[in-house]
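Keep the model in view as you read.

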Amino acid sequence: MTTDTPTDVFEEHRPVLMGVAYRMLGRVADAEDVVQEAWLRWSAADHAEVREPRAYLVRITTRLAIDRLRQVKARGEAYVGPWLPEPYVTDFGDTVPDTVERAVLADSVSLAVLVVLESLSPVERAVFVLREAFGYPHADIAAMLDRSEPAVRQLAGRARKHVDEGRPRYEVDPAQRRELTERFLAAAAEGDLAGLMEMLAPDVRLIGDSGGKSKAPLRILETADNVGRFLVAVAGKGIPEMSFRFLELNGGPAVLILSGDMPDSVFQVDVSAGRIRSVYIVRNPDKLRSLASA
């Protein structure tokens with residue numbers, strides 16, 4: 001006989017619920033709101049009638065996230081400059097011991113994948129997240145979404161095809177990414193254009209997200225020359241009381257740049273064939289608040 005309280009059960013599954021909500025929304029605050037609403041629904045439920053709490057909670061969270069995503073899309077909010085997901089601290093620790101499962105979870109929360117997921121419909125995104133990130137069978141997803149299993153299989157196939165076509169293929173060796181990130185940071189901070197050019201792939205892309213609330217490129221920069229010169233120019237201006245720390249964000253190593261005690265920006269790179277293929281810079285202050293205590 002279990003003595004777990006409803007609160008104990010919910011807290012046990014909170015990391016999974018947050019993982020589902022964030023992958024659905026790409027925004028930490030929205031994901032936290034959805035998980036909080038799921039808690040309210042759970043606390044009011046008849047727990048004696050719930051045979052599988054995890055499935056019940058994931059279903060509630062997924063449906064709430066779909067509703068939230070539909071609201072965002074319906075508002076058609078204009079965003080200034082390129083959009084990137086809000087950086088999300090990922091530390092699987094001992095909860096995901098299997099390296100294959102860890103790699104799948106890290107890939108499904110990567111910035112590159114989340115950008116592509118923005119172009120899916122809310123239901124397609126839900127099916128992709130539940131199937132690809134958390135390994136739910138099609139039949140279980142169908143029950144969660146009140147869809148037929150054949151319809152879910154069709155949605156899953158369409159979403160997978162779209163994601164495969166829309167995202168570049170990168171290497172996920174964390175040691176190599178960390179090493180290149182450290183070298184990249186040092187070269188950028190020193191204004192070492194030659195050093196940067198050695199690390200940058202010829203067709204590298206730099207995506208900067210400021211939301212119009214701080215300084216960052218308002219378009220995607222392409223080619224090693226353009227990206228390298230931009231980084232050297234930025235380094236020359238400096239950041240007051242600058243410091244930095246390494247974090248695991250969105251499944252990979254990243255650098256949090258601080259100005260005094262306040263987050264200024266987040267840098268992350270994607271790597272292929274030993275070269276940096278993408279540089280992500282998040283400077284929208286609204287997307288950095290959750291990292292103030294990271």
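Helices (H or I, at least four residues) and strands (E, at least two) are DSSP runs, numbered from the N terminus. The expected span of a helix is 1.5 Å times one less than its number of residues. This is a predicted model: local features need pLDDT of at least 70, side-chain atom pairs count only at pLDDT 80 or more, and totals for chains, interfaces and linings use all residues. Residues are numbered from 1 along each chain as its sequence is written, and side-chain values use heavy atoms, with hydrogens and water left out.

Start with α11, residues 224–237. Its 14 residues reach 20 Å from first C-alpha to last, close to the 20 Å expected at 1.5 Å a residue. Within α11, A224, V227, G228 and L231 are buried (under 20% relative accessible area; exposed is over 50%, partly exposed in between, with a 1.4 Å probe and protein chains only). They cover an arc of only 95 degrees around the axis, which puts them on the same side of α11. That arc is taken from the directions from the helix axis to the C-beta atoms. The face turned away from the buried side of α11 carries exposed G236 and K237. Just after α11, G238 takes a positive phi of about 75 degrees.

Now turn to β5. Ten of its eleven residues are buried, so β5 is largely enclosed by the rest of the structure. Strands pair if DSSP finds at least two bridges between them. β4 (residues 252–259) and β5 run antiparallel, joined by five bridges. L258 has P263 of β5 as its bridge partner. Seven bridges join β5 to β6, also antiparallel. There, V269 stands opposite V279 in β6.
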